[in-house]
Amino acid sequence: MALLEVKELTKNFGGLMANDHIDLQVNEGEIVGLIGPNGAGKTTLFNCIAGFYPVSGGKVFFKGEDITGLLSNEVCLKGIARTFQIVRVFKDLPVLDNIMVGAFNRTHSTARARKKALEVLEFCGLMGKKNLLAGGLTIANKKRLEVAKAFATEPALLMLDEAMAGLNQTETAEAVELVKKIRKSGVTVLLVEHVMEVVMPISNRVVVLDYGRKIAEDTPERVIHNEEVIKAYLGDKYHASRRAN
Ligand SMILES: Nc1ncnc2c1ncn2[C@@H]1O[C@H](COP(=O)(O)OP(=O)(O)O)[C@@H](O)[C@H]1O
Ligand SMILES: [Mg+2]
């Protein structure tokens, strides 16, 4: 049984089909990359899975249970956490308190939330920033905090929406290490990312969206040679940079 199973998920905004009958499976322990051009429907799919948007059609199953139509906090309790493409840290709160907000998903005790948040701070390499206001962090650390907040909810599935966008090479490499560490800790990862050099090496499978439709789903090696994917998205993006190297 897949950990996450999305069946014919459809979401339209008026006449615009942002997600058009999308089927997607994520198995426990995998890192699945979700790629596609801007506007392909990746964030919308996250929003539908996570209960931020009501779906227009189709179903979402998690651990075999139909979770379609649950509210976002209910989905989070089931074990799905997500980050936002535009980071949503509480900028006037210290880093520790931001992570405690996530930790409160599993406890009402402030002491326990604090203990969990401290573990997550350490795990995510943010201990040195514990008392800083989140608003003052660099982009890289804001993105890291966004991941930490989601990780603190103790998910079985973590969905990362461009958690590495805008980072330099070193920061990106550090973020990749964090994603690998998260997977090693037993959390399954569904990851939207534009940098192919990031997505391809860490993904077990890659799913490609274009104009709301799934146009491919395969191993990274096969996806980069898929004609339709190259035409719709990869184009020179991957192959040219490879040639240049
Ligand atoms: N809340 C919304 N209202 C209307 N249109 C939306 C909304 N969210 C996304 N869209 C549209 O849905 C399409 C898919 O967007 P999105 O899921 O953000 O794509 P991606 O994350 O792949 O770049 C785009 O055409 C976008 O303009
Ligand atoms: Mg997006």
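## The shell around ligand 1

In this predicted model, the residues around ligand 1 are Phe13, Leu16, Ala18, Pro37, Asn38, Gly39, Ala40, Gly41, Lys42, Thr43, Thr44 and Tyr53, where a residue is taken as near if one of its heavy atoms lies within 4 Å. By type, 6 are nonpolar, 5 polar and 1 charged; Ala, Val, Leu, Ile, Met, Phe, Trp, Tyr, Cys and Pro count as nonpolar, Asp, Glu, Lys and Arg as charged, and the others, including Gly, as polar.

At least two residues of this shell come from each of β2 (16-26) and α1 (42-49). The largest share, 3 residues, belongs to α1. Helices (H or I, at least four residues) and strands (E, at least two) are DSSP runs numbered from the N terminus.

## Polar contacts and burial

Polar contacts here are pairs of N or O atoms within 3.5 Å. Oxygen atoms of ligand 1 lie 2.9 Å from a backbone N or O atom of Gly41, 2.9 Å from a side-chain N or O atom of Thr43 and 2.6 Å from a polar side-chain atom of Thr44. Ligand 1 alone exposes 560 Å², of which the protein buries 63% (Shrake-Rupley method, 1.4 Å probe).

## Cysteines

The disulfide count is 0, with a cut-off of 2.5 Å between cysteine sulfur atoms. The sulfur of Cys48 is too far for a bond because the closest cysteine sulfur, in Cys76, is 17 Å away. Cys48 is buried, at 5% relative accessibility (buried is under 20%, exposed over 50%, partly exposed in between; 1.4 Å probe, protein chains only).

## Conventions

Residues are numbered from 1 along each chain as its sequence is written, while chains are lettered from A and ligands numbered from 1 in the order written. Local features need pLDDT of at least 70, side-chain atom pairs count only at pLDDT 80 or more, and totals for chains, interfaces and linings use all residues, with side-chain values based on heavy atoms, leaving out hydrogens and water.

Note on methods
A polar contact is a pair of N or O atoms within 3.5 Å; within protein, one must be able to donate a hydrogen and the other to accept it, and residues adjacent in sequence count only if both atoms are side-chain atoms.
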